[in-house]
Amino acid sequence: MIRTVRRSLLVIHSAALLTSGCFDGADLAACSISMTYCDADAGSTGDGADGTSGSSSGPSIMTSDAFTGGGSEDTDTSDGTWTSTGEPSDPPPWIEDLACDPPEAFEVGPTVVTYKASADAVEADLLDDGVVIATGPAGAPFVFPVTSGPTNNPGSNLSVVVRDAAGQTAEASIYQPSLIKEPGSTVWTTLEPNDGQFSSGGAVALDGNNAIGAGVRWENNQILATLRRYDKSGTWIATSDGWTQQHTDWTQRVELKTGNLGLNALAVDGEGNIVAVGTAQVDGEPRMYVARFGSGGGLIWEVLGPIGTEARGTGITKDGSIYVAGAVRVAKGPDVWDMATWVYGPDKQAFGPDIFKDVEDELEERSERGHAIAVLASGRVAVAGGREVRDPVTKKLHLRGVVLSYEGKGKRVGDWTSPGDKMVNDTIFAAAPATTGVVLCGYAQNETDIPTNKPQILIRWLGEDLSEAKAPRLESTPGASTCYGIGTNMEGSTIVGATVHENLGGDNAWIFTVEDAASPRVDYMKRNGMSNGQDRVLGLACEYMCAWTGSEEVDGAVQWIMGMIRG
């Protein structure tokens, strides 16, 4: 029900008369957010039970505050405007047709609040249960973010107050019911049984209400890179939004028709185009691979890198530039790698690669590798991975996390290396934009030659300038554990996807959330499959929802698993 309040003007005069006025409404400004949650006319008017608007259009009562000077008589002018001693009145503004799109909230996302206001209204406030949460020009729609179950359920009383230049106001209210799932609630989970001799998801990306997964299947002694789009119910088979394909069907490279290809990372641009990157094995040699697909999964172009290259992470900037993180091999037997960052335009134009290495490593004895990419709010790009450093005292090699910062088409503007402040070894496998700048995760481990020293989940928060924004967090778990996916929810909490070895259950799939180094961990999922085998989270992508992927052991066979949870 809409409740409209108009603060009227009272004429302090013994011969006061009442009249109704007509005021032209101002056109609504166009809203930049598409209203896709409901039909535009489905319950979105906010009308009362009788189908009429609750706004007031009755007579205005004018007060002496609306006049200057004195006088003892009111007159009715020819245009219907009441005057006192020849001075015009200032009627209050009006507001009507307050509506929410969607009229009821069943999922996390934006609610668009629209209304009509009189032409003299200049400013408006949006209130949630009486608290002002936004201010803007009168007539322009507001966006109310529906965030979490505890915050919005069972609903919100939304009010819009408009003001004219004299400070007079009018108010309308509407109730939006809400039934949002609690954070961490399962939306869907899909296990792919009998998916070749074995299969595993390795990367995931959100695509509107859909989710895209990338991974591998093993059939007839060939590792097949596989791309799948799941619809909002978690189905890809025989649905209008779902599909699957393997690399031997899409590739135009002859050597990949019979070669092995694994996909390690995914990204989706603003137009729904998909980028997948990975590493091919051709004649026993690694070669980086990048492919760009249309929104329907059709191949647009692909790049197969030279021998001795690999690709492990990707991200797309607002201008469509595609960043790829990986490495180039600089020595064999044993192999030594330098960290590499490639950049491609949406038209396949190549920039780079930019090579990062230890300038003091003249004998090429220490490796650096890129694993993950995060496109930050400012447009900067963070490329994260690991590097080997030599202890100046013990001369031992230790693994440390590394982050490179880029602008434009691959211009490096900064770098950071872990100080080894939690354990003597650590590295980074996943990165995501955060309110602080970038959030990173992987593992930390003490001396690896001691069997009791198990890797543990390490989470870091850095600013866009790569300074430490929050203290790092070492998450203690029952056994060996590693983070392979990270993201943030709408409230800014950090969501972690990890593989954790539990004493009796082997590897189990964990998803949990934390705020900082000291906050309690909130567990969203601890999944031990029915076969009590090796169950792993290997990829995570979060916006309003979080999609995850990995593998689950089913009767001794590793099989692809994919899921969606409320973030």
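Contact here means heavy atoms within 4.5 Å.

**Entry 1: the overall picture**

I am working with a predicted model, where local features need pLDDT of at least 70, side-chain atom pairs count only at pLDDT 80 or more, and totals for chains, interfaces and linings use all residues. Residues are numbered from 1 along each chain as its sequence is written, and side-chain values use heavy atoms, with hydrogens and water left out.

I looked at contacts between residues at least 6 apart in sequence, and 53% of them join residues at least 24 apart. Next I checked the secondary structure, which comes to three helices and 39 strands. Helices (H or I, at least four residues) and strands (E, at least two) are DSSP runs, numbered from the N terminus.

How much of the protein is buried? Of its 567 residues, 52% are. Buried means under 20% relative accessible area, exposed means over 50%, and partly exposed lies in between (1.4 Å probe, protein chains only).

**Entry 2: the disulfides**

I searched the whole structure for disulfides and found two. A disulfide is a pair of cysteine sulfur atoms within 2.5 Å.

One of them joins C441 and C483, with the sulfur atoms 1.9 Å apart. The torsion about this S-S bond is -55°, and the link is left-handed. C441 sits in strand β30 (residues 437–445) and C483 in strand β33 (residues 481–488), so I marked the pair as linking distant parts of the chain, 42 residues apart. I checked burial too: C441 is buried at 1% relative accessibility, and C483 is buried at 0%.

The other disulfide joins C542 to C546, S to S 2.0 Å. Its torsion is about 115°, so this link is right-handed. C542 and C546 are both buried. With the bonded cysteines numbered in sequence order, I wrote the pairing as 1-2, 3-4.

β33 pairs with β34 in the antiparallel sense over seven bridges. Two strands pair if DSSP finds at least two bridges between them. Opposite I486 I found V496 in β34. Five residues lie between the strands of this hairpin, and G492 takes a positive phi near 90° there.

Why is β34 (residues 494–502) largely enclosed by the rest of the structure? Eight of its nine residues are buried. On β34 I also looked for another partner, and found an antiparallel pairing with strand β35 (residues 506–514) over nine bridges. The bridge partner of I495 in β35 is T513. A reminder to myself: in a regular strand the side chains alternate between the two faces of the sheet.

**Entry 3: a serine in a loop**

Where is S321? I found S321 in the loop between β21 (309–316) and β22 (322–331). S321 is buried, with a relative accessible area of 0%. Its side chain makes a polar contact of 2.9 Å with that of D319, and another of 2.6 Å with that of K409. A polar contact is a pair of N or O atoms within 3.5 Å; within protein, one must be able to donate a hydrogen and the other to accept it, and residues adjacent in sequence count only if both atoms are side-chain atoms. Leaving aside neighbours within four places in sequence, S321 is in contact with G315, I316, V343, Y344 and K409.

**Entry 4: aromatic rings**

How many aromatic pairs does the structure hold? I noted nine. W188 and Y230 form one that is stacked, 5.7 Å centre to centre with 20° between the planes. W188 lies in strand β12 (residues 186–191) and Y230 in strand β15 (residues 222–230), so the pair ties together parts 42 residues apart in sequence. W188 is buried at 6% relative accessible area, and Y230 is buried at 0%.

F429 and Y443 form a tilted pair, 6.0 Å centre to centre with 45° between the planes. For the rule, rings of Phe, Tyr and Trp (its six-membered ring) pair if their centres lie within 6.5 Å; planes under 30 degrees apart count as stacked, over 60 as edge-to-face and the rest as tilted. F429 is partly exposed at 25% relative accessibility, whereas Y443 is buried at 16%.
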